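Before reading on, please take a moment to look over the chain and its fold.

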Amino acid sequence: MTRLDLTHIYFLLDRSGSMQSIKSDTEGGFAAFIEQQRTTSEGECRVTLAQFDDRYELVYADRPIAEVPPLDLAPRGTTALLDAMGRLITDAGVALAKLPEDQRPGTVVVAVMTDGIENASREWTHPAVKALVEQQTNDYHWQFMYMGADQDAVEVGASIGVASDYSVSYGRGRARDVMAATSEKVAGLRRARRTDATARSAGYTVQERDDLSR
């Protein structure tokens, strides 16, 4: 049985050139997200951060949340979202499969944050990523969350397998707010998973969607 008291958050962050205008807001929002997860009493938490433009970079992996450093975002390049998601999810799956079952996290969260539309992937397609996301969701109860700035995030999320309840659009400059809302969902999931390995987090509410899109 997996460890119900252990959560692993995989955060995939867009660092393409268009993120420059919301760099500070994103860095502050990420800091607040980590602080909330750090102070919750819902068991142990580890974090993996990857960022992407037209290249994929693993910033750190399997880091205890108490040791997560401040985010230093350096925007550049174009948006290879599909390649980044495919790489992150497959690498995570391989790493977790190598662990004895009783050392695997009972809760796996994959949070994706971007302000751009896919325009540079070469290896992965929308159908392939969608199939991968749905497999991990249905077979292993991973929780995927998609945050998209200035776009129809529900439509984009659906194209990559993320359920509509867990995809949210946010206005440019609302990065702190969308990360705060997402952090609340993750904290709620961590509480629920302490007793139910298949529990889902609450989705974004209508009010949250209205507020964040402005």
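The text turns to the sheet and then to the helices.

This is a predicted model, in which local features need pLDDT of at least 70 and side-chain atom pairs count only at pLDDT 80 or more, while totals for chains, interfaces and linings use all residues. Residues are numbered from 1 along each chain as its sequence is written, and side-chain values use heavy atoms, with hydrogens and water left out.

Six strands form an open sheet of mixed pairing, in the order S3-S2-S1-S4-S5-S6; strands (E, at least two residues) and helices (H or I, at least four) are DSSP runs numbered from the N terminus, and two strands pair if DSSP finds at least two bridges between them. Because S3 and S6 stand at the edges with a single partner strand each, one side of each is left without a neighbour in the sheet. Strands S1 and S2 run parallel and are joined by nine bridges, and threonine 7 stands opposite cysteine 45 in S2.

Helix H1 packs on the sheet, touching S1, S2, S3 and S4, where contact means heavy atoms within 4.5 Å.

| Pair | Angle between directions |
|---|---|
| H1 and S1 | about 180° |
| H1 and H5 | roughly 20° |

Angles run from 0 to 180 degrees between N-to-C directions, and axes are lines fitted to C-alpha atoms, for helices over the stretch in contact. The axes of H1 (residues 23-39) and H5 (residues 175-193) come within 8 Å and cross at roughly 20°, which makes H1 roughly parallel to H5, a term for angles under 35 degrees.

How values were computed
Angles under 35 degrees count as roughly parallel, over 145 as roughly antiparallel, 65 to 115 as roughly perpendicular and the rest as oblique.
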